[in-house]
Amino acid sequence: AFRSGALLKERWLWPVIPFIVLPWIGLLYTPDPWGFGMDYARKSYYWLFCLALASLPFVRFQPRWLVNAFLLGLAVNGAVGVLQLAGIIAPKQGWFSGLARGYNTLTVYLVLAILICAFCFRDSEGWKKRSLFIALAALYFFHLIIMEGRAGYLTFILLLPFMAKTLFRRLSVWKFALVFMVILGMMYFSPFVKKRVDVTITQLRYHMTADPDKAWGREYTENQDRFYMWVGAYEVFLENPLIGAGTGGYPSALKDIRPPDDPVVAHPHNNILHMAASYGSIGILAFLWLFGAMARNGWKARDSLAGHVVLYTALVLFINGLFNTTVVDSGTILLLSLVVGLQRTLPQFSKANPLDQGKRA
């Protein structure tokens, strides 16, 4: 389909087009075309991975191979993270992030991997395979709670009901509440999680006690950097609600409406606000179109592994994207692009795909 050019006629690909086109159109009116503007526009090449993956002959190439490679890579990285915690291997930049250098992208991967393991556990036959997926999920969970990614913690907690629904088709509210409290207790037992929770509580107390004219993002302090970014992005959006400030225009536009001594903020750490500030209402619609289509397509094929990967990737990136700008982060753009391309294997987009027909991918 890719070689013949017919791929552009595929419905699953249409929501990708704005993410390829808007960054270059936004360069025409951004106040910073050769700085952040060009940097963000160049990242549109990541969507080529979507086309490359979709062009594979999935009759011979099983989507499960990609998923297994993803899980194996995270398992190796998680094992290195455990060795770093034990003091056997030096940590990366002070974090037990394994072979990775940061934790924001890695926590997204770990939460997604835990959800995938839940599906694979339910879909596997025999306790040897099921035990493997339990062990992998436990490793990913442990690695998640020895890093300081608050957005990753919250994403995991908010998606626990979906994981429970995947594991158990029927689960009483009381049993789920018990499991939920046990998992929260295990997370809070981690000194890294406790540290981040304490910081969050301190920051919230600041907002509750500070002068209303200064709190909730009205001025920049270390206690409200996120609120500062979010409120600023909303104000930039209001300046031009139709097309926004252009690609990479958010930092310059924010500087124009805030004190000159405030630090430069590259992006608002929120996907929707980033699209709103950069491309206005058009950007918001483009974002909702892509993630809505992924969630709908994944839900329709939820009995297959590929369907679950598409659905959970949309949910994980949407929720995590409320606190991080995952549509401009290289690691999460790559994940998003590949999973969008994986939609080509879903039954509703493949006339003859024996790999994704039935209940298994």
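By salt bridge I mean a side-chain nitrogen of Lys or Arg within 4 Å of a carboxyl oxygen of Asp or Glu. Both residues lie in α10, four residues apart, about one turn of the helix. Helices here are DSSP runs of H or I with at least four residues, numbered from the N terminus.

A word on the source: this is a predicted model, in which local features need pLDDT of at least 70 and side-chain atom pairs count only at pLDDT 80 or more, while totals for chains, interfaces and linings use all residues. Residues are numbered from 1 along each chain as its sequence is written, and side-chain values use heavy atoms, with hydrogens and water left out.

Back to the pair. D198 is partly exposed at 31% relative accessible area, and K194 is partly exposed at 37%. The cut-offs are under 20% for buried, over 50% for exposed, and partly exposed in between, with a 1.4 Å probe and protein chains only.

How many salt bridges does a search of the whole structure find? Three. Another joins the side chains of K195 and E148, at 3.3 Å from N to O. K195 lies in α10 (residues 191-209) and E148 in the loop between α6 (127-145) and α7, so this pair ties together parts 47 residues apart in sequence. K195 is partly exposed at 45% relative accessibility, whereas E148 is buried at 15%.

Then there is E235 with R258, again side chain to side chain, 3.3 Å from N to O. E235 is in helix α11 (residues 225-239) and R258 in the loop between α12 (250-257) and α13 (271-300), so the parts tied together are 23 residues apart in sequence. E235 is partly exposed at 28%; R258, at 9%, is buried.

Now the packing. The axes of α7 (residues 150-158) and α14 (residues 305-320) come within 9 Å and cross at roughly 130 degrees. The axes are lines fitted to C-alpha atoms over the stretch in contact, with angles from 0 to 180 degrees between N-to-C directions. On the α7 side the contact is made by A151, G152, T155 and L158, and on the α14 side by V316, I319 and N320, contact meaning heavy atoms within 4.5 Å.

Last, T155 of α7. Its relative accessibility is 1%, so T155 counts as buried. Leaving out residues up to four places away in sequence, T155 touches V111, V316, I319 and N320.

Notes. Helix = DSSP H or I, 4+ residues; strand = E, 2+ residues; numbered from the N terminus.
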